[in-house]
Amino acid sequence: MGFSVHLNVQLKFYNLPKTKEILVDQFDLEDNEVSLTTDLTNDIDADSLDLFEVLNRVEDDFDIKLAVAEDIKTVQDLVDKIKEQLAA
């Protein structure tokens with residue numbers, strides 16, 4: 001396995017637990033209610049203010065900066081954005 005593939009796998013699995021923790025806390029969910037396929041708007045009923053708060057917390061907790069992210073629809077999208085910023 002190449003280094004970059006190994007690093008991407010590590011980043012993905014590192015980011016998911018922390019991302020889930022943020023979402024569980026923000027929306028008062030159970031851990032099993034959040035997966036990579038969870039749709040932030042349809043499954044969690046997050047509105048634009050909720051998503052703004054989540055993105056702010058993600059930025060603080062991961063010490064990254066996210067651009068306005070209209071393309072973040074699922075937990076997988078959010079994890080991918082975090083991974084991109086951490087790898088930059």
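This is a predicted model: local features need pLDDT of at least 70, side-chain atom pairs count only at pLDDT 80 or more; totals for chains, interfaces and linings use all residues.
## Overall fold

The protein has three helices and zero strands. From the N terminus on, the order of elements is α-α-α. Helix α1 spans residues 3–27. Helix α2 covers residues 48–62, and helix α3 covers residues 75–87.

Residues 24 or more positions apart account for 59% of them.

## Surface and burial

The protein has 88 residues, and 35% of these count as buried. Its accessible surface comes to about 5600 Å². Carbon and sulfur atoms hold 51% of that surface.

## Helices α2 and α3

Two packed helices are described by the angle between their axes and the distance between the axes. For α2 and α3, the axes come within 12 Å and cross at roughly 35°. The crossing is right-handed.

On the α2 side, the contact is made by Val54, Leu55, Val58 and Phe62. On the α3 side, Leu78, Ile82 and Leu86 take part.

## Lys20

Lys20 is found in helix α1. Is Lys20 buried or exposed? Its relative accessibility is 16%. The cut-off for buried is under 20%, so Lys20 counts as buried.

Setting aside residues up to four places away in sequence, Lys20 touches Asp31 and Val34.

Key: Residues are numbered from 1 along each chain as its sequence is written. Side-chain values use heavy atoms; hydrogens and water are left out. Helices (H or I, at least four residues) and strands (E, at least two) are DSSP runs, numbered from the N terminus. Buried means under 20% relative accessible area, exposed over 50%, partly exposed in between (1.4 Å probe, protein chains only). Contact means heavy atoms within 4.5 Å. Accessible areas come from the Shrake-Rupley method with a 1.4 Å probe; for residues, only the protein chains shown count as cover. Axes are lines fitted to C-alpha atoms, for helices over the stretch in contact, and angles run from 0 to 180 degrees between N-to-C directions. A crossing is left-handed if the near helix is turned anticlockwise from the far one by less than a right angle, and right-handed if clockwise.
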